[in-house]
Structures are given as structure tokens and as C-alpha cells.
Amino acid sequence: MKNIKLIFFALVSLLVVLPLYTYAGTITNDNGVVMTEEEYNNFLKAYTEDYIMLMTQENYDHLKEFDFSNVQTKNIYVETKYNPHLGITTDKVISKEQFDKINPGLKPNVNDGGDFEETTAKEFSLALIGGNIWNHVTATATWKSIPSTRSFDLIGFRGYGFRFSEGSQQGTQVYKENGTRKSVSYGYNGTNIKKFNRSDGINAGYGISMNIVNNTISYLQTTTECDVATTIDHPSIYASYQHAIKDITLADSQSYTLGGSGLGYVFVFNNGMYQYYDAMNGLYLTY
């Protein structure tokens, strides 16, 4: 009888503990998407926490198809100084340690008679996630401070030896307003995207013009992503993010083609529009 009681007590204890164990290690994001802690940590290899916490169920289901044990990444930190009086922009790639020490904002430019210049800094990252046939690429620009000029920024990819899956191209602008995470989505068939096909009809890249929110915000990040498949051995993917330093129209922001001589190895302007962007360095990965 004593042994029966002990077995009964052990079974009851197990039933009490099991529900707690089953739900341990899961994370629910702002959209109610439930993911395991392992999945969350995998997503962090290619995305920021704020992006993950706004991920949709559709996006989550799609990303689970890829191999997060096979992720290539590259990133840069860039300091930008812009003098609105002279219309001069200077970019400098810096270390993470320098990036962390920057105090962004407006400050006197002692070399220009008391005029002011804006100093901003942003991190730009590129990630390539492996798959069976289709791979997934994502590029993200995260601002350390909110830029004063908010017009149509450009973000996009150019592929060499990659073909892009039509319908997979998308963009997301993440921001925080009054402490709340919010987002703006850009679809593959929207008016803000411009896609390019090779002569054989294969999609070779695209750009998205993101109209940066003009609200009072405390955080700003832009991301684009899509599926790509290789067409040659050792293909390369190029990513570029260009911030508009002056107000422009959507049509002006889309007056580009794609090419290696363009801004960030991606965006080629032939009508002088290049001067309206900060010409930040791009990134590339070879698969």
C-alpha cells in the first residue's frame, strides 16, 4: 500500500509539473505569434529584437522553412555629418566602439561661422540564410538617432548569380511612438517597390522607397527581405540603404537603375539625384 501511495504521488507531481514544462521557453510577440526560445535565438542571427516582436504569423511560418544553422552575416557602422547650409554630407565607416560613443544630434560646426551640422549614426547589416533551393536574404538599417529629414529613403538588393522569387520581396519600417512598437509594411506589388528583370526575364534585384514616418518617434529601423536562388557557382548579393538628405518625391526616388557603380553597389542615378542621398557604403556577401 505504501508503494502504491508513492507511485500515485509521483504521478500527480508529474501532471502538475508537465504543463509548466510544456509552456516554458516560449515567447509571444506583439502580434500574438508564439515561438520557442530556440527559434527566437535563431531569428536574432538575422533580425533585431524589435523586428521579431512585430513579426506576423505568415512571416514566422515562412522563416521556419530556412536553415538558421547556415547563416552568413556582415555589418557596418556609419557616422554621417550633414551641413544643411552648405549641402555637404560626409560618411565615415567606424568601429562599434566608436559607434557606441557617438552623441547624435545637432551641434555647432565651429569651422563654419557658428552654423550647425547634423550628426547621425546607423548600423547596416546583411544576412543570408540557407535553404534547400531558395535561400532568404535580409538587410536592415537601424538608426542611433532619428534623422531630421524624413522623406523617401531607399533600401534594396542587387544580385549577381541570384534570381529573386517574385512575390517574396517585402519591406518593413519599424518605429517606436510613445514607447509602443509600430510598423509600416511594403509589399512586393505596391507602388513603393521597383523591380528589375534581366533580358532572360529573371528578376535581378529591386529597391523600395520608404517614406519615413514624420511622427515624434524614438526609434527607427528599415528592413527589406526576399527569397533568392543561385544560378551560378559562388553568386553575390549586394545590399544598399540610402538616406534622403532633402525632401524628394516618390517618382524622384525611383529614377534609378541597378548596377555595381551605383550608391552602395546598387542604385544608379543618371539625373543628378545621387546628390539627394547620403551615399552610405553598401554591403555584399558571396555564397
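This is a predicted model: local features need pLDDT of at least 70, side-chain atom pairs count only at pLDDT 80 or more; totals for chains, interfaces and linings use all residues.
Five bridges join strand E12 to strand E13, residues 203-211, and the two strands run antiparallel. Within the pair, Lys-195 stands opposite Tyr-206 in E13.

These strands belong to an open sheet of 5 strands, in the order E12-E13-E8-E15-E18, with antiparallel pairing. Strand E12, residues 193-197, and strand E18, residues 283-286, each have a single partner strand, so they stand at the edges and one side of each is left without a neighbour in the sheet. From one strand to the next, the twist averages 10°.

The secondary structure comes to 6 helices and 18 strands. The chain has 287 residues, and buried residues make up 47% of them. If we take the contacts between residues at least 6 apart in sequence, 69% of these join residues at least 24 apart. The accessible surface comes to about 14,500 Å², and carbon and sulfur atoms account for 52% of that surface.

I turn next to the interior. In soluble globular proteins, nonpolar side chains tend to be buried together. In this model, the largest nonpolar core has 31 residues, and those with the most contacts inside it are Phe-124, Leu-126, Phe-157, Ile-237 and Tyr-241. Strand E7, residues 135-143, gives the most to this core, with 4 residues. There is also a second, separate core of 16 residues, which includes Tyr-51, Ile-52, Met-53 and Leu-63.

Strand E7 also holds Thr-142. With a relative accessible area of 17%, Thr-142 falls under the 20% limit and is therefore buried. Which side chain does Thr-142 meet in a polar contact? The partner is the side chain of Gln-221, at 3.3 Å. Beyond its neighbours within four places in sequence, Thr-142 is in contact with Thr-48, Ala-121, Lys-122, Glu-123, Tyr-219, Leu-220 and Gln-221.

A second pair of strands deserves attention. Strand E10, residues 170-177, contains Glu-177. E10 is joined by 7 bridges to strand E11, residues 180-186, and the two run antiparallel. Lys-176 has Arg-181 in E11 as its bridge partner. Together E10 and E11 form a hairpin with 2 residues between them, and Asn-178 in the turn has a positive phi of about 55°.

A polar contact of 3.4 Å links its side chain to that of Asn-215. Setting aside residues up to four places away in sequence, Glu-177 touches Lys-182, Asn-215, Thr-216 and Ile-217.

Although Gln-72 and Thr-286 are 214 residues apart along the chain, their C-alpha atoms are separated by 9.1 Å. Thr-286 is also one of the residues that Gln-72 touches, the others being Leu-126, Ala-127, Leu-128, Leu-285 and Tyr-287, with residues up to four places away in sequence not counted. Two of these names have come up in other parts of this talk. Leu-126 is among the residues with the most contacts inside the largest core, and Thr-286 falls within edge strand E18, residues 283-286.

How values were computed: Residues are numbered from 1 along each chain as its sequence is written. Side-chain values use heavy atoms; hydrogens and water are left out. Two strands pair if DSSP finds at least two bridges between them. Axes are lines fitted to C-alpha atoms, for helices over the stretch in contact, and angles run from 0 to 180 degrees between N-to-C directions. A polar contact is a pair of N or O atoms within 3.5 Å; within protein, one must be able to donate a hydrogen and the other to accept it, and residues adjacent in sequence count only if both atoms are side-chain atoms. Contact means heavy atoms within 4.5 Å. A nonpolar core is a set of buried Ala, Val, Leu, Ile, Met, Phe, Trp, Tyr and Cys residues joined through side-chain atoms within 4.5 Å. Buried means under 20% relative accessible area, exposed over 50%, partly exposed in between (1.4 Å probe, protein chains only). Accessible areas come from the Shrake-Rupley method with a 1.4 Å probe; for residues, only the protein chains shown count as cover.
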